[in-house]
Amino acid sequence: MTESTLFLIAFILYGFSAAFYFAFLFSEKNVWAKTGYKIIFTGFIIHTAALVLRTLESGHAPFTNMYESLSFLAWCGAFAYVSIEGKYKIRKAGPYFILIIIVLMAIASSPLMPKEAKPLMPALQSYWLWLHVSVTLLGEAFFAMAFVTSIMYLIAEPKKTARFKQNKGLTPERLDFISYRCIAVGFPLFTLGGLIFGMIWAYKAWGRYWGWDPKEVWSLITWFVFALYLHTRLVMGWKGKRSAVIAVIGFLAAMFTYFGVNYLLAGLHSYI
Amino acid sequence: MKSFIKLFSSVKLAIFLLIVITLATILGTLVPQGGSPEAYKEKYGDGAAVLINLGITRLYQSPWYLTLLVLFSINITTCSLTRIKPKFNKAFKPQVITEEKKFNALSLKKIFKSHQPVPRVKGNLKEILRSKGYKIREKSEQGRVYLLARKRFLGLFGSDTVHLGILIVIIGGFISGAAGSRDNLALTLKETKPVPGADFSLKLNKFETLYYPDGSVKDWKSTLSIIKNDQRILTKTIEVNHPLSYKGFIFYQSGYGWDWRNPQVEIMIGRKTENPFSESVRIKVGEKALIKDKHIEINPMYFVPDFVLTEENKVTSRSLEPNNPAVYVKALEKGELAFSGWLFLKYPEFNTRDSQVNSNLSLNFKDFKAESYSVIQIAKDPGVPFIWTGCTFVMLGLFLAFYFIPRELKFLIKKESQNTKIYAGGIVKKAKDSFKKEFDQIILLFRESK
Ligand code: HEM
């Protein structure tokens, strides 16, 4: 079985999982969601196998070009969902979040993305590459989760009285709480991977820990936004709507760091 | 002074500064940084002068951006300091509750009865609490027993640890900016050059470029020696991602190149009618070699590492990499022009020759040797230790703040008619769910105890 076959199977399973979750959303029958969970779990395992296979074949970390890095981000997303759903039971967020995973998989498999594993340029041959990218993307997957629950909050909150009363499991308060928990996981991961490991690697490869490269700067901006989230929440008692808006902005900043900077702003990181 | 402290300990100011710094930082990614005045003039016209004067073209080093960072640092320091004393009191001088009605105000509470006598209740509770990792303080008066059980109270200082870390990182950044330096040193093989600002020199003993099978560069390795007073102090091979550090200086592999001015080439000489080439000669470009008994004079005139023809049919080098090395050779036989044309190392089938010259002399380009040099970047950055220390504090603090959340339980045990009455309560700020679970479990364990 080749890496691309496994990738395709995982992609299809994610698709089925989303379909089951949407069926759950409309029918409100728990079986659908339970099946959806089993399917995404299987997809996640197969996706893991695909990444392992690619690593063995290319001999380096599976995130050195855009295809690999998108596939890895989708994998982190699946991991974040499987673990958060396992802990907090947020089935109603499932369909939307899995949709994000599917979009990532779709962009990764588009013909525009070169898929062949190229030999690594000298600066990329470092175990700090593994640590830097994997931990950062894992953190971003949790920001993505918080993004989904925050958007759901912003939609649900105004209609609180009408429909959401009977919506036992996922009240707006619960959504707000889960957003916070996701950021409490994502923020330390992002700090460690995106900023600290990034600085260590830059120091080893280029002799400077910080060079105000656009990608570095945007990571810092993302970090500021989430610091803002934590402080307005903890110290000023902002909860709910304003918190949710900051979480959404934070995720958009993270995505701009990930995609936008490569295409819109020039910098050292553009070989990714 | 009071109003200064009040202003700088406010979180509102922190939020305001955080927003302003974020916006300023974004601005710096919209305007290219560190370009020349001419480049800005071309891009922005008359606006260029304004951008330059406002420091936007070197924004992250501009006085006003640095001022924002200083204000932010003062803010973080004052804010953490003003809050630290009450936290210390809370952590190290905890209050044991002595009034029943205070239990009503706690967010987790339970009031219940037991048949066990007071000392037994106390013993059982303490045992259960200890097994859950709590540290216990107790107080008794007039037949009543008060217990205060706490764990993870270091978590109270999570945010302070993060803030201290950030402060150290900012200080480190300023030190790097003020005292850091970097230089490039290009060394050819066996060359020794003094390190700027140091009392020792650097020697390049060996340099090699490693390639992948497809021809792209895999790595560069330079074997360097530190030389002091003509004595070799240490020798190490560095490569990309594996620098050498010595006395606060760090030596990085930052680039490489060849001196293409007069490389040595190896040319094979034969006759069109004979195969293979019977002789070869090594010679520097620009020099002449006589192959005596054959009366042949070989003269490689020009060399290009990466041959390409321009649109006007001129020869140039596409790059400084030896991707397509070619040499232009002229040869005389007994004083007569016998050959002139380009020879290609990798594509001998494309070798050219002057069609006017009639001779059966045949030449081939076999090998070349150029002096390669290695570019070593020398960095000195006394801010670095601060950065790593600060980062460690930040991570430690984040762990404490999010995953080492203090838990505090209080108990009042007193005799009431035939029974013992127990007031139990807990204080939570964050992570209520798991604390409540533990609380319920403790009560349950107690109920099952004898
Ligand atoms: C980018 C810079 C900053 C970062 C990353 C940061 C980080 C943190 C973190 C992680 C927490 C704990 C949050 C939680 O437990 O949910 C926290 C709490 C806090 N921060 Fe900051 N902080 C920053 C700047 C500031 C500044 C400038 C101030 C000064 C006014 C400040 C004041 C506070 C306060 C008062 C708390 C609550 C303390 C507590 O209750 O333990 N922070 N900060």
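Does E333(B) count as buried or exposed?

Analyst: E333(B) counts as buried, at 17% relative accessibility; buried means under 20% relative accessible area, exposed over 50%, and partly exposed in between, with a 1.4 Å probe and protein chains only. This is a predicted model, in which local features need pLDDT of at least 70 and side-chain atom pairs count only at pLDDT 80 or more, while totals for chains, interfaces and linings use all residues. Residues are numbered from 1 along each chain as its sequence is written, chains are lettered from A and ligands numbered from 1 in the order in which they are written, and side-chain values use heavy atoms, leaving out hydrogens and water.

A salt bridge is a side-chain nitrogen of Lys or Arg within 4 Å of a carboxyl oxygen of Asp or Glu. R271(B) belongs to strand β10 (residues 249–271) of chain B and E333(B) to strand β16 (residues 326–333) of chain B, so the pair ties together parts that are 62 residues apart in sequence. Helices (H or I, at least four residues) and strands (E, at least two) are DSSP runs, numbered from the N terminus.

Other charge pairs give this one its context. Over all chains, a search of the whole structure finds 19 salt bridges. In chain B, D160(B) and K87(B) meet through their side chains in a salt bridge of 2.8 Å, N to O. That pair links distant parts of the chain, with D160(B) in helix α7 of chain B and K87(B) in helix α5 of chain B, 73 residues apart. D160(B) is buried, having a relative accessible area of 11%. A network of salt bridges also links E266(B), R282(B), K366(B) and D367(B).

The side chains of R233(A) and D176(A) form a salt bridge at 3.0 Å, N to O. R233(A) lies in helix α7 of chain A and D176(A) in helix α6 of chain A, so the pair ties together parts that are 57 residues apart in sequence. R233(A) is buried at a relative accessible area of 9%, and D176(A) counts as buried at 10%.

The helices extend the picture. Helix α8 (residues 384–403) of chain B has 20 residues and reaches 28 Å from its first C-alpha to its last, close to the 28 Å expected at 1.5 Å a residue; the expected span is 1.5 Å times one less than the number of residues. Its buried residues include V384(B), I387(B), G390(B) and F402(B). The buried residues of α8(B) pack against α6 (172–206) and α7 of chain A, together with α7 (158–179) of chain B.

Chain A averages a pLDDT of 85, and 89% of the residues score at least 70; pLDDT is the predictor's confidence in each residue, from 0 to 100. Among the elements of chain A, helix α7 (residues 214–234) has the highest mean pLDDT (93) and helix α8 (residues 241–264) the lowest (87). Over residues 267–272 of chain A, pLDDT stays under 50, and the model has 18 contacts beyond four places in sequence for them, a contact being heavy atoms within 4.5 Å. Where pLDDT is low, the predicted coordinates should not be read in detail.
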